[in-house]
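Please open the structure in your viewer and keep the selection tool at hand.

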Amino acid sequence: MLADLLADLFGIASKNVKINYDQYSLNSLNGFFETEDGEFFFKFHQEEGEEAMSGEYYRADILARAGLPVDQAVHMSVLPGEQILVYRRRRDPRFSDVLRALDLADDAAARERAVAAEAALSAKVVTVYEQSLHPITPEEAAAEPINRLFFERLIDPPTGEFPGGRLKSFYVGQDFTFPGVTLGWEEFSRARFVVNGVAYQRSVGDLFAAAHQRLNPLRLADAGGVVAHGDAHNANVWYTEADGAAELSFFDPAFAGENVPTLLAEVKTTFHNILAHPLWLYDPDAVAERYSAEARYADGVLSVETNWALTPVRRDLLRLKAEASWKPLLTLLKARGMLPADWREVIRLGLFLCPTLVMNLRAGAARHNPMSSLIGLANAVRVGSEPDGTDFMSEFFDAMTPD
């Protein structure tokens, strides 16, 4: 079927078509094929409501014109249901695979190279933000495809009904089974989380409702817009190593734009490249083997105890993200009088939607088991809600707050 589609779309006579098993491809499919002209890599992307999208879906030229390192596809289709990119095959690993290896077996020298490569890419990205930051209208903010990763997964796009879309199909009316307790949606959505002794101010239901209000695209123009990839998770980043150093480059900019609401620009990279690891979002079976988590529910409080924690490389990357990406960007917004008073909430709500709406976190619904489901939903609350007191995320936000 894939060979026939490649022939139909591009006139390519392909052979040895292979589909990759890829835990990072949550809304896409990728693999390899060969032709008389060499080896190629393909990637499909599927999103609800593609038939209603306007404009080009894949816009690598936006990033290339801005001076960012990005692979250009040799073939592309932007037809709804047939969104596909074809690249010359590279033998470089993706950055996601490099970091996963460091999660499983830390190597100080390799970690230093990886973090240095991330720092160099962050510097390039921040330069583009500085050069491209500009006022945008609510209509321009709403037209950006990045909204499909956030607001439009909360609603039924044709009607605007809330809750709708993935939120409704994943969670509303469903049961949540964790080690130690099973709750229905009504109890779970209202429960106040206490994770490792730290209480959080907002419930899951509160966070979804707040995201529906504040992440409405028509309200996101207040911090201006920038040129951004928008979805630069590390499975969309090549890692090229030579002479003891490494470089990173983007591919598959499915949600790139010139008017990306500024406070959303770094949200996906922050969550999916750092806070979704080690293992729990992408490899839940390994979570059940490596970590523990237990839940207790009483009087509207869901208490969670877990030994899950960021690995050294993810801690280094979180610190770097605060210091080298978010703080310069927020400082720039403040200097230009474009930093909303509730910037912290906007970023938190975006971080909360990253795991909850990219895949179904309920045990048994897709990939997740009771252990990984509990860790994942607890982490979603930890990134989305302010705590009573401090935790690793409040320290992250404090570190990136403009002076």
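Select proline 163, which lies in the loop between α5 (138–143) and α6 (165–170); helices (H or I, at least four residues) and strands (E, at least two) are DSSP runs, numbered from the N terminus. The peptide bond that leads from phenylalanine 162 to proline 163 is cis, with omega near -5 degrees. The model is a predicted one, in which local features need pLDDT of at least 70, side-chain atom pairs count only at pLDDT 80 or more, and totals for chains, interfaces and linings use all residues. Residues are numbered from 1 along each chain as its sequence is written, and side-chain values use heavy atoms, with hydrogens and water left out.

Next, select proline 278, in the loop between α9 (267–275) and α10 (284–290). Histidine 277 and proline 278 are joined by a cis peptide bond, and omega is about 0 degrees. Most residues other than glycine have a negative phi, and most peptide bonds are trans.

Two residues with a positive phi follow. Asparagine 16, in strand β1 (residues 15–19), is not a glycine, yet its phi is positive, at about 50 degrees. Asparagine 16 is partly exposed, with a relative accessible area of 46%; buried means under 20% relative accessible area, exposed over 50%, and partly exposed in between (1.4 Å probe, protein chains only). Now select aspartate 299, in the loop between β14 and β15. Aspartate 299 is not a glycine either, and has a positive phi of about 55 degrees. Its relative accessible area is 82%, so aspartate 299 is exposed.

From here, display the strands. An open sheet of 4 strands runs in the order β9-β8-β15-β14, with mixed pairing; two strands pair if DSSP finds at least two bridges between them. Its edge strands, each pairing on one side only, are β9 (198–199) and β14 (293–298). Strand β8 (residues 192–195) pairs with strand β15 (residues 301–306) in the parallel sense over 4 bridges. Valine 195 stands opposite valine 304 in β15.

Move to strand β10 (residues 225–228). Which residues point one way from β10, and which the other way? Gly225 and Val227 point one way, Val226 and Ala228 the other, and all are buried. In a regular strand the side chains alternate between the two faces of the sheet. β10 and strand β13 (residues 257–261) pair in the antiparallel sense over 3 bridges, and alanine 228 stands opposite glycine 257 in β13.

Select helix α12 (residues 343–358) next. At 1.5 Å times one less than its number of residues, this helix of 16 residues should span 22 Å, and its end C-alpha atoms are 23 Å apart, which agrees. Of the 16 residues of α12, 14 are buried, so the helix is largely enclosed by the rest of the structure.

The axes of α12 and α13 come within 7 Å and cross at roughly 165 degrees. The two helices are therefore roughly antiparallel to each other (angles over 145 degrees count as such).

The last stop is arginine 91, in the loop between β5 (82–88) and α3 (95–104). Is arginine 91 buried or exposed? Arginine 91 is exposed, with a relative accessible area of 60%. Arginine 91 and threonine 240 are 149 residues apart in sequence and 9.1 Å apart in space, C-alpha to C-alpha.

How values were computed:
Axes fitted to C-alpha atoms, helices over the stretch in contact; angles between N-to-C directions. Parallel < 35°, antiparallel > 145°, perpendicular 65-115°, else oblique.
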